[in-house]
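I begin with the charge pairs.

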Amino acid sequence: MTEIFESTGQALLYGVVGLAVMAVGFIALDLVTPGKLFHVVWTDRNRGAAVLLGSQSIAVGLVIMEAIRASESEEGLGYGLLSTLLYGLAGVLVMTLVGIVIGHLTPGQMGAVALDDSSDGRPHPAAWVQAGMYLGTALMVGAALS
């Protein structure tokens, strides 16, 4: 029974680390897209922004998952939590940098174009491209951690 409580406590601690990395990911995405992301998604109901935020959240979750797997060590819980935090932040940094680089290679500012919903409410195709880019980057970073 003690093992169940110990594992539950560890899961909660990893969850807190994952939440912190997700929050940093949200802030990073907010910095590279026009407007305040919270407002653009929840108030303006911008579907392109929702596609970006949703895909980035899944991508960060994938990186955190692989970071937790990679952190299994005989060094102890503290080492595992720290390495998960650092690996997760590295993943967010790589995703943000890839987004910026791709944004410079495409016509118009990628973040602005991706948030340009059409008159019928559908997200701009660039939102799906950027979403795929986040997921692809997460898979790349996750593979590097394993």
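**Entry 1: salt bridges.** I looked up Asp30 and found that Asp30 forms a salt bridge with Lys36, with 3.5 Å between the closest N and O atoms. I count as a salt bridge a side-chain nitrogen of Lys or Arg within 4 Å of a carboxyl oxygen of Asp or Glu. The model is a predicted one, in which local features need pLDDT of at least 70, side-chain atom pairs count only at pLDDT 80 or more, and totals for chains, interfaces and linings use all residues. Residues are numbered from 1 along each chain as its sequence is written, and side-chain values use heavy atoms, with hydrogens and water left out.

I then asked whether each partner is buried or exposed; buried means under 20% relative accessible area, exposed over 50%, and partly exposed in between (1.4 Å probe, protein chains only). Asp30 is buried, at a relative accessible area of 14%, whereas Lys36 is exposed, at 58%.

The structure holds 2 salt bridges. The other I noted joins Arg69 to Glu66, whose closest N and O atoms are 3.2 Å apart. Both residues lie in helix H3 (residues 47-71), 3 residues apart, which is about one turn of the helix. Glu66 is buried, with a relative accessible area of 16%.

**Entry 2: helices and annotation.** I recorded 6 helices and 0 strands in the protein. Helices (H or I, at least four residues) and strands (E, at least two) are DSSP runs, numbered from the N terminus.

From the unreviewed UniProt entry I took the annotation "transmembrane region", which covers residues 12-29, 49-68, 80-105 and 125-145. UniProt positions are in the numbering used here, feature names are shortened, and annotations may be inferred rather than shown by experiment. I looked up two of these spans. Residues 49-68 are 100% helix and 0% strand, with 28 Å between the end C-alpha atoms. Residues 125-145 are likewise 100% helix and 0% strand, and their end C-alpha atoms lie 31 Å apart.

**Entry 3: Ala131.** Which residues does Ala131 touch beyond its neighbours within four places in sequence? I found contacts (heavy atoms within 4.5 Å) with Val51, Leu52 and Ser55. Ala131 sits in helix H6 (residues 125-145) and counts as buried, at 6% relative accessibility. Between the C-alpha atoms of Ala131 and Leu52 there are 5.4 Å, although the two are 79 residues apart along the chain.

**Entry 4: surface.** I noted a nonpolar surface patch formed by Val24, Leu82, Leu86 and Leu89, with about 320 Å² of accessible area together. Patches are made of residues with over 30% relative accessible area and no salt bridge; like charges are joined within 9 Å, and nonpolar side chains (Val, Leu, Ile, Met, Phe, Trp, Tyr) within 5 Å. Helix H4 (residues 77-105) gives the most to this patch, with 3 residues. Leu89 lies in helix H4 and is partly exposed, at 31% relative accessibility.

The protein exposes about 8400 Å², of which carbon and sulfur atoms supply 68%. Accessible areas come from the Shrake-Rupley method with a 1.4 Å probe; for residues, only the protein chains shown count as cover. Of the 146 residues, 38% count as buried.

**Entry 5: confidence.** I checked pLDDT, the predictor's confidence in each residue, from 0 to 100. The mean for the protein is 87, and 96% of its residues reach 70 or more. Confidence is lowest in helix H5 (residues 110-114), at a mean of 69, and highest in helix H1 (residues 2-32), at 92.
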